[in-house]
Amino acid sequence: MRDALRQARKGLGKTSPNPAVGAVVVKDGRIVSAGYHRKAGLPHAEIEALAGLGNRAIGSTLYVTLEPCNHHGRTPPCTEAILRSGIKRVVVGMLDPNPDVKGGGCEFLRRKGIEIETGVLESECRRLNEAYIKHVTTKRPFVIIKSAMTLDGWTATGMGHSRWVTGEKSRRFVHRLRDRVDAIVVGVGTIIADDPLLTTRLNRGTGKDPVRIVLDTHLRIPSNARVLDHRSSADTIVVVGPDIETSALSRFEKKGVSTIACPVRQGRIDLTALMAILGDIPLTSLLVEGGAAVIGSFLREKLVDKFYLFMAPKILGGGDGIPMAAGPGASRMDQCMGLKHVKVRRLAEDLLIEGYPEMK
């Protein structure tokens, strides 16, 4: 199953809205074939692993990180291919949480005489597809907060200077995150202050650009902002309030930029309403990169599913910097948001803290 998980990770960021799935075929104690789901619409992991095996699959065991599908979608059911192959045993990491297909694949194969074992390395399999699980069960995207700060908690100086808080290794990690998510979210203030590209820049020009989403209630984004440049294959979506005139949006449509009119709450984009809209697109995962007002709003509305917090060995040494999150916070320490399943790692001189919020 660990080998199947390694296969599945090859598809991370490329299969949305489908899950990342890996499979290996074992016969006489050794792996004879392996495969993974490469992209939505392409063959599933089981089909990839079975391709070309022929009679060698007879009597073998298939290890797969997610329950084989038993329904017709963009590809035929994997269960039918498994039955045709002559496989005698299927070991599954986790059942499919999709309420439309939950348990169907394993139960179908069991009725056909295939030996089934489930729940092997289930927690690792669920962690691998945490975005898929959130989206398929709630129709909302999985929300990740990313922030880089000094040891005394500032993301930028009082003048707004933030290049660079962390080192090169941390920045490379962020680009790997971008490669694996469906979309990046920033506020228009970040666009005005930093004019970022919000693209993925990995070695040798590899990497997938995420959809770029700009929260801009009053349509303040400059027409020459680099995020509007469509040399990238990724879409840019500008989210505005409901009162923006259609004529004001036409200049963006000429650039090939999409706009979404979203309800407003307390003068800002209603993020809860926006999550429903983005989930319907469908976008399964969002990386929220700032600024402080946007991150503060996501925290107060309890929309965050995961954190990646980078700490650099620097001290701003004052009280005039820009914090990770703006707006009112907890009034007591026992009201603070805690993190669970915390991992801490070194990235050169920086620390990366990864964790999940404990909602109260």
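Leu219 counts as buried, because its relative accessibility is 13%, under the 20% limit for that class. In this predicted model, Leu219 sits in the loop between β9 and β10 and has a positive phi of about 55 degrees, although it is not a glycine. The protein has eleven helices and 18 strands. Its radius of gyration of 23 Å is close to the 21 Å that the globule rule gives for 360 residues, so the protein is as compact as a globular protein of that length.

**Overall form**

- The C-alpha trace spans about 70 × 50 × 45 Å along its principal axes.
- Of the 360 residues, 49% count as buried.
- Among contacts between residues at least 6 apart in sequence, 69% join residues at least 24 apart.

**The loop between β9 and β10**

- Asp235 lies in the loop between β9 (211-215) and β10 (236-240), which is also the place of Leu219.
- Asp235 counts as partly exposed, because its relative accessibility is 43%, whereas Leu219 counts as buried at 13%.
- A separation of 8.5 Å lies between the C-alpha atoms of Asp235 and Ile213, two residues that are 22 residues apart along the chain.

- Most residues other than glycine have a negative phi, and most peptide bonds are trans.
- Leu198, a residue other than glycine, has a positive phi near 60 degrees.
- Leu198 belongs to the loop between α8 (188-194) and β9, and it counts as buried because its relative accessibility is 3%.
- The peptide bond that joins Ser16 and Pro17 is cis, with omega about 5 degrees; Pro17 is in the loop between α1 (2-9) and β1.
- Gly291 is in the loop between β14 and α11.

- Strand β8 (residues 183-187) is mostly covered, with five of its five residues buried.
- In a regular strand the side chains alternate between the two faces of the sheet.
- Ala183, Val185 and Gly187 point one way from β8, while Ile184 and Val186 point the other way, and all are buried.
- β8 pairs with β9 in the parallel sense over five bridges, and Ala183 stands opposite Val211 in β9.
- β8 also runs parallel to strand β14 (residues 285-290), to which four bridges join it; here Val185 stands opposite Val288.

**Strand β1 and its partners**

- Strand β1 (residues 22-27) has five of its six residues buried, so it is largely enclosed by the rest of the structure.
- β1 and strand β2 (residues 30-36) run antiparallel and are joined by six bridges; the bridge partner of Val25 in β2 is Ser33.
- These two strands form a hairpin with two residues between them, and Asp28 in the turn has a positive phi of about 55 degrees.
- β1 also pairs with strand β3 (residues 61-66) in the antiparallel sense, over four bridges; Ala23 stands opposite Val64 in β3.

**Helix α11**

- Helix α11 is mostly covered, since seven of its nine residues are buried.
- The buried residues of α11 are Ala292, Val294, Ile295, Gly296, Ser297, Phe298 and Leu299.
- Ser297, in helix α11 (residues 292-300), counts as buried because its relative accessibility is 12%.
- Leaving aside neighbours within four places in sequence, Ser297 is in contact with Arg268 and Leu271.
- Lys302, which follows α11, has a positive phi near 55 degrees.

**The second largest pocket**

- The second largest pocket holds about 840 Å³ of space.
- It is lined by 33 residues, of which Leu12, Arg127, Leu128, Arg180 and Lys306 are the closest to its centre.
- Elements that give two or more residues to this lining include α5 (122-128), α6 (130-138), β6 (142-150), α7 (168-180), β15 (306-312), β17 (338-347) and β18 (350-358).
- α7 provides the largest share of the lining, four residues.
- The lining residues of this pocket divide into 14 nonpolar, eight polar and eleven charged.

Notes. Residues numbered from 1 in each chain as written. Predicted model: local features only at pLDDT ≥ 70, side-chain atom pairs only at ≥ 80, totals over all residues. Heavy atoms only, no water. 1 Å grid on protein atoms, 1.4 Å probe; cavity = no way out; pocket = protein on both sides within 12 Å on 5 of 7 lines; lining within 4 Å. Points joined across faces, edges and corners; volume = space filled by probe spheres on them. Nonpolar A, V, L, I, M, F, W, Y, C, P; charged D, E, K, R; others polar. Buried < 20%, exposed > 50% of the residue type's maximum accessible area, 1.4 Å probe, protein only. Contact = heavy atoms within 4.5 Å. Pairing = 2+ DSSP bridges. Rg over C-alpha atoms; globule rule 2.2 N^0.38 Å.
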